[in-house]
Each structure stands twice: as C-alpha cells, then as structure tokens.
Amino acid sequence: MVKVEDIQNYGKEQLETISASASNLQNGVQAIATAYGDYAKKSFEDTKSFVEKLSGVRSLDKALEAQTEYARSAYETFVAESQKIAGLYSDCAKQTFKPFEGLVAKFNPAH
C-alpha cells in the first residue's frame with residue numbers, strides 16, 4: 001500500500017531534482033554567454049589593432065604580411081575559442097542532467 005508520506009517525499013525529491021537541474025543549466029548558460037562575450041571582445045580588439053597597423057603600412061609587401069599575420073591569429077583564436085565553448089556546452093549538458101541520475105537509478109537498479 002502506498003503511503004501519503006511516500007507520495008509527498010517522491011514529489012519533494014522530484015522538485016529538488018528539477019530545481020538543481022535548472023540551477024545547473026542557468027550557470028552553464030551564463031558561462032557560455034560569458035565565453036561568447038569574451039571572444040567577441042577579443043575579436044573586436046584584434047581587428048581594431050589590425051586596422052591600426054594596416055593604416056600605418058607604406059608598402060604592399062608589409063600590408064600582405066600584416067594581413068597574413070592577422071588571418072593566422074584570427075584563425076587560431078577562433079579554433080581555440082570554439083573548442084573552449086564546445087567544452088562549456090558539454091559541461092552544461094552533463095551538469096544539467098546530473099541531478100536526474102539519482103531518480104533514474106531508483107527506477108533502474110543495478111543487476
């Protein structure tokens with residue numbers, strides 16, 4: 001026979017799990033948004049620096065050198081930041097669903 005306390009405890013446990021999951025999701029999304037903001041700021045600063053450097057160039061070979069250096073740097077930064085942000089998405093997903101592991105374990109006991 002099912003007791004009222006059991007139902008209440010089950011409901012309380014689910015609410016706590018959902019609350020923890022939502023909190024983890026919020027923290028993860030905030031970290032991702034911060035990473036995107038930092039990348040955008042760095043990209044803007046790098047572009048600004050490149051334009052300033054390019055405006056002071058007096059020869060075509062120096063302009064090409066500056067362009068090549070900027071392109072290489074921008075690509076390396078893009079790859080590094082993309083990997084960092086992908087890791088943040090992965091961590092966010094893991095942390096968001098981690099509170100549900102306890103509920104799943106109750107319904108699927110180890111054999």
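1. A term to settle before we start: a residue is called buried under 20% relative accessible area and exposed over 50%, with partly exposed covering what lies in between. By that scale Glu 76, at 45% relative accessibility, counts as partly exposed. Please keep in mind as you read that this is a predicted model.

2. Let me start with the overall fold. The protein has three helices and zero strands, and from the N terminus on its elements run α-α-α. Helix α1 covers residues 4-55, and helix α2 covers residues 60-97.

3. The outline is what I would look at next. Along its principal axes the C-alpha trace spans about 90 × 30 × 5 Å. The radius of gyration is 25 Å, whereas a compact globule of 111 residues would have one near 13 Å. Helix α2 itself has 38 residues and reaches 55 Å from its first C-alpha to its last, close to the 56 Å expected at 1.5 Å a residue.

4. Now for surface and contacts. Of the 111 residues, 13% count as buried. The protein exposes about 8700 Å², and carbon and sulfur atoms supply 61% of that area. Among the contacts with a separation of 6 or more, 80% are accounted for by residues 24 or more positions apart.

5. Which residues of α2 are buried? They are Ala 63, Ala 66, Thr 77, Glu 81, Ile 85, Cys 92 and Thr 96. You will notice that the list includes Glu 81 as well as Ala 63 and Ile 85. Two of its members, Thr 77 and Thr 96, get points of their own below.

6. Thr 77 has its place in helix α2. Its relative accessible area is 14%, so it is classed as buried, the cut-off being under 20%. Leaving aside residues up to four places away in sequence, Thr 77 touches Tyr 39, Lys 42 and Asp 46.

7. At 8% relative accessibility, Thr 96 counts as buried. The side chain of Thr 96 reaches the backbone oxygen of Cys 92 at 2.7 Å, and Cys 92 is itself among the buried residues of α2. With residues up to four places away in sequence not counted, Thr 96 touches Ser 21, Asn 24 and Leu 25.

8. On to charge. Side chains of opposite charge can pair when their charged atoms come close. How many salt bridges does the structure hold? There are three, and the next three points take them in turn.

9. Glu 76 and Arg 72 bring their side chains together in a salt bridge, at 3.2 Å from N to O. Here the pair sits in helix α2, and because the residues are four apart there, the separation is about one helical turn. Arg 72 is partly exposed, with a relative accessible area of 45%, and Glu 76 is likewise partly exposed at 45%.

10. The salt bridge between the side chains of Lys 53 and Glu 69 is at 3.2 Å, N to O. Lys 53 lies in helix α1 and Glu 69 in helix α2, so this pair ties together parts that are 16 residues apart in sequence. Lys 53 counts as partly exposed at 42% relative accessibility, and Glu 69 is partly exposed with a relative accessible area of 37%.

11. Where does Gly 37 fall on the accessibility scale, buried or partly exposed? With a relative accessible area of 38%, Gly 37 is partly exposed, because that value lies between the 20% and 50% cut-offs. Gly 37 and Ser 82 are 45 residues apart along the chain, and their C-alpha atoms are separated by 13 Å.

Notes
Residues are numbered from 1 along each chain as its sequence is written. This is a predicted model: local features need pLDDT of at least 70, side-chain atom pairs count only at pLDDT 80 or more; totals for chains, interfaces and linings use all residues. Side-chain values use heavy atoms; hydrogens and water are left out. A salt bridge is a side-chain nitrogen of Lys or Arg within 4 Å of a carboxyl oxygen of Asp or Glu. Buried means under 20% relative accessible area, exposed over 50%, partly exposed in between (1.4 Å probe, protein chains only). The expected span of a helix is 1.5 Å times one less than its number of residues. The radius of gyration is taken over C-alpha atoms; the globule rule is 2.2 Å times the number of residues to the power 0.38. Contact means heavy atoms within 4.5 Å. Accessible areas come from the Shrake-Rupley method with a 1.4 Å probe; for residues, only the protein chains shown count as cover. A polar contact is a pair of N or O atoms within 3.5 Å; within protein, one must be able to donate a hydrogen and the other to accept it, and residues adjacent in sequence count only if both atoms are side-chain atoms.
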